[in-house]
Amino acid sequence: MQVGTSWLYTSQMDTNSDIDFRRELAEDGQPLCARMICATLDLIANKWAVPIILTLARAKGEPLRFSDLSRAIPLITQKELTKQLRALEAAGMVGRRVYAAVPPKVEYWLTDLGSSLKPVLHALARWSAEKQPELVRHLAKNDPKTLAAIAAKRSATVPQAAPAD
């Protein structure tokens, strides 16, 4: 890739590549762009972006205060929450409103662009649920270290449900 080239591509690909991804078509006949998919995944495929997006989605268009988001995602630090919200805001996925008040009042909500990710995340969740046993079986056989790392990461980031009485 050339230095200074925008990381957002439409259907143009690196001409140095042996594979022309522009010829790959999605089910609706639109060209798939591997770089665009990767750019999107870079934005949302981190530890906190999806929990933030899903928390804002559950609010059904109602703005949430920073403190509400912080309580809803208990393991995230304020610094990390701020960083992730800024990145999602810069990408146009999250809206932000600051009120001149003491203490400061800041509200966040999913924009239309951010809301358009909900069906994609739900489809990914369904696929993950369906394929998890198969993935676990393959990783256990071929890459137990990765499987252990995934299990450790999941237990460290997902709050455990309270036992039923």
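Me: Contact means heavy atoms within 4.5 Å. Which strands does helix 2 lie across, and at what angle does helix 2 run to strand 3?

Reply: Helix 2 lies across strand 1, strand 2 and strand 3, and runs at about 90° to strand 3. Axes are lines fitted to C-alpha atoms, for helices over the stretch in contact, and angles run from 0 to 180 degrees between N-to-C directions. The model is predicted: local features need pLDDT of at least 70, side-chain atom pairs count only at pLDDT 80 or more, and totals for chains, interfaces and linings use all residues. Residues are numbered from 1 along each chain as its sequence is written, and side-chain values use heavy atoms, with hydrogens and water left out.

Me: How many helices and strands are there in the chain?

Reply: The chain has seven helices and three strands, in the pattern α-α-β-α-α-β-β-α-α-α along the sequence. Both kinds are DSSP runs numbered from the N terminus (helices: H or I, at least four residues; strands: E, at least two).

Me: What makes strand 2 and strand 3 a pair?

Reply: Six bridges join strand 2 to strand 3. The three strands form an open, antiparallel sheet in the order 1-3-2.

Me: Why are strand 1 and strand 2 called edge strands?

Reply: Strand 1 and strand 2 each pair on one side only.

Me: What makes Lys 60 count as exposed?

Reply: Its relative accessibility is 72%. Exposed means over 50%, buried under 20%, and partly exposed in between (1.4 Å probe, protein chains only), so Lys 60 is exposed. Lys 60 sits in the loop between helix 2 (49–58) and strand 1 (64–65).

Me: What is the phi of Lys 60?

Reply: Lys 60 has a positive phi of about 55°, though it is not a glycine. Most residues other than glycine have a negative phi, and most peptide bonds are trans.

Me: Which peptide bond is cis?

Reply: The bond from Val 102 to Pro 103 is cis, with omega near -5°. Pro 103 is in the loop between strand 2 (94–99) and strand 3 (105–110).

Me: Why is the contact of Asp 68 and Arg 71 called a salt bridge?

Reply: The two side chains meet at 2.8 Å, N to O. A salt bridge is a side-chain nitrogen of Lys or Arg within 4 Å of a carboxyl oxygen of Asp or Glu, so this pair qualifies. Both residues lie in helix 3 (residues 66–72), three residues apart, about one turn of the helix. Asp 68 is partly exposed at 29%, whereas Arg 71 is exposed at 60%.

Me: How many salt bridges are there by this rule?

Reply: The count is four. Among them is the one between Arg 97 and Glu 107, at 3.3 Å. Arg 97 lies in strand 2 and Glu 107 in strand 3, so the pair ties together parts 10 residues apart in sequence. Lys 105 and Glu 107 also meet, at 3.8 Å. Through shared partners, salt bridges join Arg 97, Lys 105 and Glu 107 into one network.

Me: Is Glu 107 buried or exposed?

Reply: Glu 107 is at 10% relative accessibility and therefore counts as buried. Arg 97, at 35%, is partly exposed, and Lys 105, at 26%, is partly exposed.

Me: What share of the chain is buried?

Reply: Buried residues make up 22% of the 165 residues.

Conventions
Two strands pair if DSSP finds at least two bridges between them.
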